[in-house]
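This report goes through one protein model, from its confidence to its surface. Please keep the sequence and the coordinates at hand while reading.

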Amino acid sequence: MSSRVNKIYSEPALRRDNAFKNVIMRRVMEIRVEKQKPKFNDLLKMFEGKDLTNPKDKEALKKKMIALYEKQDASQENSQYTTMMQYFDRIEKVYNFQLAALSKIDKRISKIQRRKQSILKAGSTLK
């Protein structure tokens with residue numbers, strides 16, 4: 001028996017391995033879908049005998065091309081965009097909160113410095 005079969009994987013290693021396999025399979029499936037689509041030349045051959053100056057034929061060709069070659073997973077891209085925008089909104093909220101906290105700290109420090117300077121001036125005038 002090989003040592004690979006007996007090897008015990010840790011939980012994070014199994015997750016990484018599974019995630020890697022999922023990414024590879026998703027890409028393989030995308031490639032298969034792309035390969036199943038007819039080539040552009042095949043599509044043009046289908047409409048070779050038709051008069052493309054006719055608006056109906058031209059519109060049919062246009063619709064068929066859009067249906068075949070338009071991104072099919074637009075909803076996935078939209079969900080990724082939405083997720084990313086949520087991350088950005090969360091980061092912006094944290095940033096604004098931290099900025100407000102820092103400005104309060106800055107005001108307190110400048111107030112303390114002014115108080116210290118006034119105490120030092122008052123102390124030097126007493127001498």
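## Confidence of the model

What is the mean pLDDT of the protein chain, and what share of its residues reach 70 or more? The model is predicted, and its mean pLDDT is 79, with 80% of the residues at 70 or more.

Confidence can also be read by element. Helix H2 has the highest mean pLDDT among the elements of the protein chain, at 86. The lowest value, 48, belongs to helix H1, which covers residues 3-6.

## Secondary structure

The protein chain contains 5 helices and 0 strands. Read from the N terminus, the order of elements is α-α-α-α-α. Helix H2 spans residues 11-36, helix H4 spans residues 55-69, and helix H5 spans residues 74-126.

## Burial and accessible surface

Of the 127 residues in the protein chain, 5% are buried. The chain exposes about 12200 Å². Carbon and sulfur atoms supply 59% of that area.

How many salt bridges are counted in the model? The count is 3. They are described here one pair at a time.

Arginine 15 pairs with glutamate 11, with an N to O distance of 3.8 Å. Arginine 15 is exposed, at 57% relative accessible area, while glutamate 11 is partly exposed, at 48%. Lysine 21 and aspartate 17 form another salt bridge, at 3.7 Å from N to O. This pair also lies in helix H2, with a spacing of 4 residues, or about one turn. Lysine 21 is partly exposed at 48% relative accessibility, and aspartate 17 is partly exposed at 32%.

Glutamate 30 and arginine 27 make up a further salt bridge, in which the closest N and O atoms are 3.0 Å apart. Here the spacing within helix H2 is 3 residues, again about one turn of the helix. Both side chains belong to partly exposed residues: glutamate 30 has a relative accessible area of 33%, and arginine 27 has one of 49%.

## Surface patches

Which residues make the nonpolar surface patch of about 660 Å²? The patch consists of Tyr81, Met84, Met85, Tyr87, Phe88 and Ile91. Tyrosine 81 is part of helix H5. At 55% relative accessibility, tyrosine 81 counts as exposed.

A positive surface patch is made up of Lys104, Lys107, Arg108, Lys111, Arg114 and Arg115. Arginine 108, one of these residues, lies in helix H5. Its relative accessibility is 60%, so arginine 108 is classed as exposed.

## Residue pairs apart in sequence

Glutamate 34 and leucine 68 are 34 residues apart in sequence, and their C-alpha atoms are 9.4 Å apart. Glutamate 34 is located in helix H2 and is partly exposed, with a relative accessible area of 47%.

Lysine 64 and leucine 43 are 21 residues apart along the chain, with 8.7 Å between their C-alpha atoms. Lysine 64 is located in helix H4. At 35% relative accessibility, lysine 64 is partly exposed.

Notes
Residues numbered from 1 in each chain as written. Heavy atoms only, no water. Salt bridge = Lys/Arg side-chain N within 4 Å of Asp/Glu carboxyl O. Helix = DSSP H or I, 4+ residues; strand = E, 2+ residues; numbered from the N terminus. Buried < 20%, exposed > 50% of the residue type's maximum accessible area, 1.4 Å probe, protein only. Areas by Shrake-Rupley, 256 points an atom, 1.4 Å probe, with all protein chains shown as cover. Patch = residues over 30% accessible without salt bridge, like charges linked within 9 Å, V, L, I, M, F, W, Y side chains within 5 Å. Lys, Arg positive; Asp, Glu negative; His and termini not counted. Charge placed at Lys NZ, Arg CZ, Asp CG, Glu CD. pLDDT = per-residue confidence, 0-100.
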